[in-house]
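This briefing is meant for a reader who is meeting the structure for the first time. Please look over the sequence and the model before reading on.

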Amino acid sequence: MLRHLGFHAPRLAFNFKPRLVDGCNGQSLITRAFSAVVSPPSKAIVYEAHGAPDAVAKLVEIPAVEVKENEVCVKMLAAPINPSDINRIQGVYPVRPEPPAVGGYEGVGEVHSVGSSVSSLSPGDWVIPSPPSFGTWQTYIVKDENVWHKIDKGVPMEYAATITVNPLTALLMLEHCITLNSGDAIVQNGATSMVGQCVIQLAKSRGIHSVNIIRDRPGVDEVKERLKDMGADKVFTENELEVKNIKSLLGGIPEPALGFNCVGGNAASLVLKFLRQGGTMVTYGGMSKKPVTVSTSSFIFKDLSLRGFWLQKWLSTDKAEESRGMIDRLLRLVQEGKLKYKMELAPFDDFNTALDKALGKLGSQPKQVIKF
């Protein structure tokens with residue numbers, strides 16, 4: 001079970017025989033055994049079967065394990081609850097660990113101890129699993145040295161914990177899908193999501209205009225102002241786009257060359273309506289669980305392109321070093337105050353409440369980040 005949970009099975013047994021000296025080199029067996037590096041016991045959120053997260057996720061205690069020569073023991077500081085984490089527990093995400101498993105996929109921690117052959121990290125360093133790694137919802141993690149990426153300790157903890165999935169997705173879609181230049185425009189739905197907020201700010205930093213679509217909701221004027229304060233050029237509700245000539249709403253902004261869809265259904269069709277001749281829409285989510293539909297005339301006469309983006313697939317193609325460089329860029333933007341998004345820190349002991357918020361049981365809530 002421990003192997004599934006991100007630990008190796010314990011290899012130390014402190015049930016010693018009376019003989020105190022090893023005949024091979026004369027060293028005390030007790031001295032040798034206790035000189036091995038051992039992790040502290042850990043607490044973890046574990047699910048032993050797929051199902052509703054609030055029903056199957058439980059807090060359990062995991063015993064101490066040996067830290068092998070190439071391994072690092074990390075004391076976790078913070079980890080978010082992402083939609084993909086919930087989908088993994090439900091058993092509907094395409095890539096997921098087999099239960100029993102510890103939840104969580106990204107986070108930040110402090111190096112607690114290192115194996116004898118580890119040279120790149122020292123106790124006290126802040127690290128993130130990069131590429132992301134299963135099992136971050138636990139107080140101590142023991143994994144190979146090459147799993148961990150050292151980061152600047154000056155970064156706010158909650159940003160370090162959440163930089164690897166959503167901000168990196170936003171940056172990659174802006175930089176790797178088509179070539180965008182200063183003065184170009186993009187359009188997106190789901191603009192209040194964490195990816196959406198990052199897209200607005202990253203586009204702004206490059207001189208790229210953003211047209212943003214949000215759902216109709218109470219307090220929509222306040223939401224619009226918040227997005228515009230981040231750098232959004234235009235923000236429309238879906239109802240406001242029920243007009244014949246949708247592009248007349250752009251004003252002086254050029255027709256977008258690139259669109260991002262994380263909703264599907266009608267919200268995706270609205271993105272397509274904004275795109276210029278030869279434009280591209282990238283789908284990276286489907287919150288409405290409705291399909292993406294496109295008119296035949298848009299394919300033929302506008303020559304639109306549709307493609308998908310999945311961060312995990314990109315990271316699986318030998319992109320670890322490139323992704324770490326991009327993560328460092330994003331963290332510098334955070335430190336410079338150029339990248340912000342709403343989060344709420346929740347104590348580990350109150351995980352169930354944070355999970356309820358992440359599941360939408362308590363209405364619209366900021367991103368939940370567990371503090372250990």
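In which loop does Asp303 lie? The model shown is a predicted one, and in it Asp303 lies in the loop between α9 and β14 (residues 305-308).

**Positive phi angles**
- Asp303, a residue other than glycine, has a positive phi near 55°, and with a relative accessible area of 49% it is partly exposed.
- Lys289 is likewise not a glycine and has a positive phi of about 60°; its place is in the loop between β13 (280-283) and α9 (296-301).
- Lys289 counts as exposed because its relative accessibility is 79%, where the cut-off for exposed is over 50%.

**Cis peptide bonds**
- Pro99 and Pro100 are joined by a cis peptide bond with omega about 0°, and Pro100 is found in the loop between α3 (83-90) and β4 (101-102).
- A cis bond also leads from Ser130 to Pro131, with omega near -5°, and Pro131 is found in the loop between β6 and β7 (140-144).

**Helix α11**
- Helix α11 spans residues 320-335, and its 16 residues reach 23 Å from the first C-alpha to the last, close to the expected 22 Å.
- Among the buried residues of α11 are Met326, Ile327, Leu330 and Leu331, as well as Ser323 and Arg324.
- The buried residues of this helix pack against β6 (126-129), β8 (148-151), α4 (157-162), α5 (166-176), α6 (194-205) and α10 (311-315).
- After α11 comes Gly337, whose phi is positive, near 75°.

**Thr164**
- Thr164 has its place in the loop between α4 and α5, and it counts as buried because its relative accessibility is 2%, where buried means under 20%.
- Leaving aside residues up to four places away in sequence, Thr164 touches Glu106, Ile128, Pro129, Pro132, Leu311 and Ile327, and Ile327 is itself one of the buried residues of α11.

- The protein chain is divided into domain 1 (2-164 + 342-371) and domain 2 (172-310), and six residues of domain 1 are in contact with four residues of domain 2.
- About 460 Å² is buried between domain 1 and domain 2, with carbon and sulfur atoms giving 67% of that area.
- Tyr93, Lys342 and Lys367 supply 61% of the area that domain 1 buries against domain 2, more than any other three residues.
- Across the interface of domain 1 and domain 2 there are zero salt bridges, while one residue pair is counted in polar contact between them.

Note on methods:
Residues are numbered from 1 along each chain as its sequence is written. This is a predicted model: local features need pLDDT of at least 70, side-chain atom pairs count only at pLDDT 80 or more; totals for chains, interfaces and linings use all residues. Side-chain values use heavy atoms; hydrogens and water are left out. Helices (H or I, at least four residues) and strands (E, at least two) are DSSP runs, numbered from the N terminus. The expected span of a helix is 1.5 Å times one less than its number of residues. Buried means under 20% relative accessible area, exposed over 50%, partly exposed in between (1.4 Å probe, protein chains only). Contact means heavy atoms within 4.5 Å. Domain bounds come from an automatic or database domain assignment. Buried area is the accessible area (1.4 Å probe) that two parts lose on being put together, summed over both. A salt bridge is a side-chain nitrogen of Lys or Arg within 4 Å of a carboxyl oxygen of Asp or Glu. A polar contact is a pair of N or O atoms within 3.5 Å; within protein, one must be able to donate a hydrogen and the other to accept it, and residues adjacent in sequence count only if both atoms are side-chain atoms.
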